[in-house]
Amino acid sequence: MRKLTSKKQELLYAFSGFGPNLLMILASAYLLDAVSVAGYSSDKLSAWTFTGQTIVITAIFSVIVTIAQIINGIADVPLANFSDNLRTKWGRRRPAILMGFIPTVIFFICLCFPLSKESNSLLNTIWFGIVLVLYFIFYTLTLVNFYATFSEITETKKSRNRLSLFKATFDVFTYSIAYALIPLLIGNDINIQIICLAASPLMLTMLIPLFMIKEERTDLVETEKVERIKIKTQFIETLSNKKFMIWMIVFSLFYFGLQLFLAAQNVLADGAMGLEGYQIALINTAAFAPVPFTLILYQKIMKKKGFKLAFQTAILSFVIAVVFFMIAYVKWIPKWEIRFILGLIGSTIGSYGIGAFFASPYMVVSQIAASDMKKTGKNNSSMFFAVNGLINAIVGGISTGIVWLSIKEVTSGAEPINGLISMAISLRSVTEDSSTINMFLGVHIATYIIIGFCLVAFFASFKLPKDFDEIIFKKDEILEEGESN
């Protein structure tokens, strides 16, 4: 495969994922919540939901979402093997990306349209479940091949790290739009459905790799390079990479908390923190705007103190941020000004961790894949990202499917006592007197779970191998030609 030869090319290539990543955030953070009124303040229902009422059977829907995410993760493995064995005159990656591109857009648009406006509709529950599975599968086919090229289209570790940092920067920009700009646009006649439909053409950024990737043809059966790879063998070889699996254990623990936070963030700010649209936008701006600078700081700490310490500081900064969000609880602090300031402080502190978490997965997995390819002579890069996706999908499915969609329904007639959550939690009908019910208790409980999993990830990170830094930073034996130009 032709390599990227300049920083400008790396920057453009990293931008490719902007559109699909934004659509995934909109789908997971907004569209899945748009089917239910749980956790939202009453004056925002018409803006944040499809019809202002719960149009799915939440108990069934939470299970379906979990199953959809797990299927998404499982699909990563055969889809990665499929692309590795793809034989066309255009190579492997470009055709695979194109195969997933159009269906991804179609099924995203389908997620914007419920089939029924009736409350607790079984039809909607099944419809969104099926569409979600198909959306995840084709999104995965597109993105797993895009990420697989990170170790194939770069020549050196420095180039791969730089590409990962560029990708992380664009991810931050994506989240800034999703969490800071959209709350400002929502309201009056602008519904979340309209915004998601307007954003769908941004998927076109995924066409950039089709013009930048230049692969050798793989349709010549007699060529050794296109020898078919058995999926079982490829899967086992990936799992046998000890450093990769240790990293996945550490990251998946953190990922559980991160996904729960991202899923809860919008409802948390609107409900449990009791903030307005512009206040939410400012808090999210404080979280994302400093990230390009905190990424530089993160890179410096990695080079001077090592990856392990840098990643640990990132986890702790995120924990501190969530603690501030937890304290800024509408039931504890009546004045919105104080809750708003606490949110700003937490977001600013957390900006360091946010940038690190965006950069680390691409950086670590692509470097491990490149190191493995150099050591074994086998290109399993797509399978590394597939297994990464499989594990994260299972963890994320449990986090956002079962835990989040269930816990946000929890309410209590008893107020928290002395800052502690009342043990007498009960599920109440929303038709009861809202003045006697703590409607935001479940959303508030989510912050405790997030903090707990992140702290477990912090202590687990001490088990990362001592030579982990060599994989990420030690220069390749091949002269870094890109630097000499």
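Ser317 lies in helix H14.

Visitor: Is Ser317 buried or exposed?

Guide: Ser317 counts as buried, at 8% relative accessibility. Keep in mind that this is a predicted model.

Visitor: What does the side chain of Ser317 reach at 2.9 Å?

Guide: That is the backbone oxygen of Ala314. The Ser317 side chain also reaches the backbone nitrogen of Gly353, at 3.0 Å.

Visitor: Which residues is Ser317 in contact with, leaving aside neighbours within four places in sequence?

Guide: Ile349, Gly350, Tyr352 and Gly353.

Visitor: Switching to aromatics. How many aromatic pairs are there?

Guide: The count comes to 30 aromatic pairs. One of them is Tyr135 with Phe136, a tilted pair with 6.0 Å centre to centre and 40 degrees between the planes.

Visitor: Why is that one tilted?

Guide: Because its 40 degrees falls between the limits, under 30 for stacked and over 60 for edge-to-face.

Visitor: Are Phe261 and Phe318 buried or exposed?

Guide: Phe261 counts as buried at 10% relative accessibility. Phe318 is buried as well, with a relative accessible area of 3%.

Visitor: Which residues do ring pairs link into a cluster?

Guide: The cluster holds Trp247, Phe251, Phe254, Tyr255, Phe261, Phe307, Phe311, Phe318, Phe325 and Phe357.

Visitor: Now charges. How many salt bridges are there?

Guide: Two salt bridges. In one, the side chains of Arg162 and Glu10 meet at 2.6 Å, N to O. Arg162 is in helix H7 and Glu10 in helix H1 (residues 7–15), so this pair ties together parts 152 residues apart in sequence. Glu10 is buried, with a relative accessible area of 2%.

Visitor: What does Asp171 form a salt bridge with?

Guide: With Lys167; the closest N and O atoms are 2.7 Å apart. Asp171 and Lys167 are four residues apart in helix H7, so about one helical turn separates them. Asp171 and Lys167 are both buried.

Visitor: What about the surface? Which residues form the nonpolar patch?

Guide: Leu181, Leu184, Leu185, Ile190, Ile194, Tyr278, Leu282 and Trp336, with about 720 Å² of accessible area together.

Visitor: Which helix gives the largest share of the patch?

Guide: H7, with three residues. Helix H7 (157–185) and helix H12 (277–288) each supply at least two. Leu282 is found in helix H12 and is partly exposed, with a relative accessible area of 43%.

Visitor: Last topic, the whole chain. How many helices and strands?

Guide: The protein chain has 19 helices and zero strands. Of its 485 residues, 59% count as buried. The chain exposes about 20200 Å², and carbon and sulfur atoms supply 67% of that.

Terms used: Residues are numbered from 1 along each chain as its sequence is written. This is a predicted model: local features need pLDDT of at least 70, side-chain atom pairs count only at pLDDT 80 or more; totals for chains, interfaces and linings use all residues. Side-chain values use heavy atoms; hydrogens and water are left out. Rings of Phe, Tyr and Trp (its six-membered ring) pair if their centres lie within 6.5 Å; planes under 30 degrees apart count as stacked, over 60 as edge-to-face and the rest as tilted. Buried means under 20% relative accessible area, exposed over 50%, partly exposed in between (1.4 Å probe, protein chains only). Accessible areas come from the Shrake-Rupley method with a 1.4 Å probe; for residues, only the protein chains shown count as cover. Patches are made of residues with over 30% relative accessible area and no salt bridge: like charges are joined within 9 Å, nonpolar side chains (Val, Leu, Ile, Met, Phe, Trp, Tyr) within 5 Å. A salt bridge is a side-chain nitrogen of Lys or Arg within 4 Å of a carboxyl oxygen of Asp or Glu. A polar contact is a pair of N or O atoms within 3.5 Å; within protein, one must be able to donate a hydrogen and the other to accept it, and residues adjacent in sequence count only if both atoms are side-chain atoms. Contact means heavy atoms within 4.5 Å.
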